[in-house]
Amino acid sequence: MDIGVLTAPLTVIAGVVGTLMSALLTQRAADRSRQREQERAEEVWERRAAAQELWVCYVALNTACRHYLAALTDQLYALGHDTEVPHTRPRLAGARDHHREVYAEAQLRLPDRVLDHAAAVSHGLGAVYGMVRRLDAGTPRPGESPAAARAAVDSLWDRLRDMRREMRADQGASGADCGR
């Protein structure tokens, strides 16, 4: 048998197999590249979704704290003017309950540095709430007065601003805080 006769078909077979393998390898590389790109896109989407969920939690907590403080302020106003405003007590109770719910969720979602600020605000709100309720019932503790409660509320507005700044910094928001 002549080697030249075998070489030609073997060369053709090797060329065909090489061409087919090249196409197969190119297709596999393209599939892997598409898969990696899809995974990167899903990771970006998941990060954005998590950031959006955290932002929604931040907004809810900020809103609940503001409503709670406003309800405390209204109740203090009613106490200071010796007027019975029928909607202030239920509004205060509702704001307190709503804040508790939002804060409970925030405790599970917020990063520690933001949660520290939120805990300080929440603790302060509870302390002022107790003071206002005792003043309303006519059983204040020593040192508790409407003026002391107003000073505590003013201090809480400052703490709330600090908490909001920390939330914005966590989310990468820039610019001055115009929350006064």
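In which helix is Ser122 found? Ser122 is found in helix α3; helices are DSSP runs of H or I, at least four residues, numbered from the N terminus. This is a predicted model, where local features need pLDDT of at least 70, side-chain atom pairs count only at pLDDT 80 or more, and totals for chains, interfaces and linings use all residues. Residues are numbered from 1 along each chain as its sequence is written, and side-chain values use heavy atoms, with hydrogens and water left out.

**View 1. Ser122 in helix α3.**
Ser122 is buried, at a relative accessible area of 17%. Buried means under 20% relative accessible area, exposed over 50%, and partly exposed in between (1.4 Å probe, protein chains only). Leaving aside neighbours within four places in sequence, Ser122 is in contact with His99 and Tyr103. Contact means heavy atoms within 4.5 Å.

**View 2. Packing of α2 on α3.**
Two packed helices are described by the angle between their axes and the distance between the axes. Helix α2 spans residues 88–109 and helix α3 residues 112–137; they pack at about 160°, with axes 11 Å apart. Axes are lines fitted to C-alpha atoms, for helices over the stretch in contact, and angles run from 0 to 180 degrees between N-to-C directions. The pair is therefore roughly antiparallel (angles over 145 degrees). The crossing of α2 past α3 is left-handed: the near helix is turned anticlockwise from the far one by less than a right angle. From α2, the contact takes Arg89, Leu92, Arg96, His99, Tyr103, Ala106 and Gln107. Residues from α3 include Leu115, Ala118, Ser122, Leu125, Tyr129 and Asp136. By class, the contact of α2 with α3 holds nine nonpolar, three polar and four charged residues. Here Ala, Val, Leu, Ile, Met, Phe, Trp, Tyr, Cys and Pro count as nonpolar, Asp, Glu, Lys and Arg as charged, and the others, Gly among them, as polar.

**View 3. Packing of α3 on α4.**
The axes of α3 and α4 come within 9 Å and cross at roughly 160°. That makes α3 roughly antiparallel to α4. Their crossing is left-handed. The contact of α3 with α4 has 19 nonpolar, two polar and five charged residues.

**View 4. The largest nonpolar core.**
A nonpolar core is a set of buried Ala, Val, Leu, Ile, Met, Phe, Trp, Tyr and Cys residues joined through side-chain atoms within 4.5 Å. Two or more residues come from each of α1 (3–80), α2, α3 and α4 (146–171). The most come from α1, with twelve. Beyond four places in sequence, Leu61 is in contact with His99, Val102, Tyr103, Ala106, Leu110, Ala118, Met163 and Met167.

**View 5. Leu76 in helix α1.**
Leu76 counts as buried, at 3% relative accessibility. Leaving aside neighbours within four places in sequence, Leu76 is in contact with Val132, Pro146, Ala149, Arg150 and Val153. Leu76 and Ser33 are 43 residues apart in sequence and 64 Å apart in space, C-alpha to C-alpha.

**View 6. Leu108 and His98 in helix α2.**
Leu108 is exposed, with a relative accessible area of 75%. Its C-alpha atom is separated by 36 Å from that of Ala78, 30 residues apart along the chain. His98 counts as partly exposed, at 39% relative accessibility. His98 and Cys65 are 33 residues apart in sequence and 9.2 Å apart in space, C-alpha to C-alpha.

Conventions: Parallel < 35°, antiparallel > 145°, perpendicular 65-115°, else oblique.
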